[in-house]
Amino acid sequence: THNDDASFLFLSLEMSRWDMLTRMTSYLAGMDWKTLVFGSNGGTFSDDEHKRIVRAKSTLARLGPRIRILDDTNFPAPTLDRVIDQARDLKATTGTQRLFVLADYLQVWPVPDGAAKSIRTDIDADKWRIEQMKQLRDAIDGDPVLVISEARKPEKNATWAGALTDVM
């Protein structure tokens, strides 16, 4: 919202782009998701809430050309090369110089069959995925990449020590 020379590529590996747009609208309107979706007064909105929703949608309409959300419907079976192509295309079509990429979340990034043959553990798979994200970062000219990752918890019968070194 504060940098007209930046675009945003959101690789939503878990949620639909429509859910993400609803969450963005909720944030921009300054109201919780439940109120935005269901209303605050038996399915209706107060005048103030309605104005905030209109402003939020107006902001999204203005920012929309610089936001691209990829989900499993419009971007099935993501690969590193395809994400790089999307990143470059978004910058080119918007004329922006900077790009912010967000991937949500790491453990859902698909491992192709060829790579899966050499992966023995979940941690090995995470390391392979992290390497993919590093390659993405390097391919988009230093633009930032933020990757959300779940914590790898100890095995079922292992004790949780609570130390940062226990978390992948």
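Student: Why is F8 called buried?

Tutor: The relative accessible area of F8 is 18%, and buried means under 20%, exposed over 50% and partly exposed in between, with a 1.4 Å probe and protein chains only, so F8 counts as buried. Please keep in mind that this is a predicted model, in which local features need pLDDT of at least 70 and side-chain atom pairs count only at pLDDT 80 or more, while totals for chains, interfaces and linings use all residues. Residues are numbered from 1 along each chain as its sequence is written, and side-chain values use heavy atoms, with hydrogens and water left out.

Student: What makes F100 partly exposed?

Tutor: F100 has 31% relative accessibility, so it falls in the partly exposed class.

Student: Why is the pair of F8 and F100 called stacked?

Tutor: Rings of Phe, Tyr and Trp (its six-membered ring) pair if their centres lie within 6.5 Å, and planes under 30 degrees apart count as stacked, over 60 as edge-to-face and the rest as tilted. The centres of F8 and F100 are 5.7 Å apart and their planes stand at 20°, so this pair is stacked. It joins distant parts of the chain, since F8 belongs to strand β1 and F100 to strand β3, 92 residues apart; helices (H or I, at least four residues) and strands (E, at least two) are DSSP runs, numbered from the N terminus.

Student: What makes the pair of F8 and F10 tilted?

Tutor: For F8 and F10 the distance is 5.7 Å centre to centre, with 50° between the planes, and this gives a tilted pair. F8, F10 and F100 together form one aromatic cluster.

Student: How do you know that β1 and β3 pair?

Tutor: Two strands pair if DSSP finds at least two bridges between them, and β1 (residues 6-12) and β3 are joined in the parallel sense over seven bridges. One of the bridge partners is D104 in β3, which faces S12, and D104 also has I148 in β4 as a bridge partner. β3 and β4 (residues 145-148) pair in the parallel sense over four bridges, and four bridges likewise join β1 to β2, which run parallel.

Student: Why are β2 and β4 said to stand at the edges?

Tutor: The four strands form an open sheet in the order β2-β1-β3-β4, with parallel pairing. β2 (67-70) and β4 each have a single partner strand, so one side of each is left without a neighbour in the sheet.

Student: Why is β3 described as largely enclosed by the rest of the structure?

Tutor: Five of the seven residues of β3 (residues 98-104) are buried, so the rest of the structure largely encloses this strand.

Student: How do you know that the side chains of S7 and T96 make a polar contact?

Tutor: A polar contact is a pair of N or O atoms within 3.5 Å, where within protein one must be able to donate a hydrogen and the other to accept it, and residues adjacent in sequence count only if both atoms are side-chain atoms. The side chains of S7 and T96 make such a contact at 3.0 Å.
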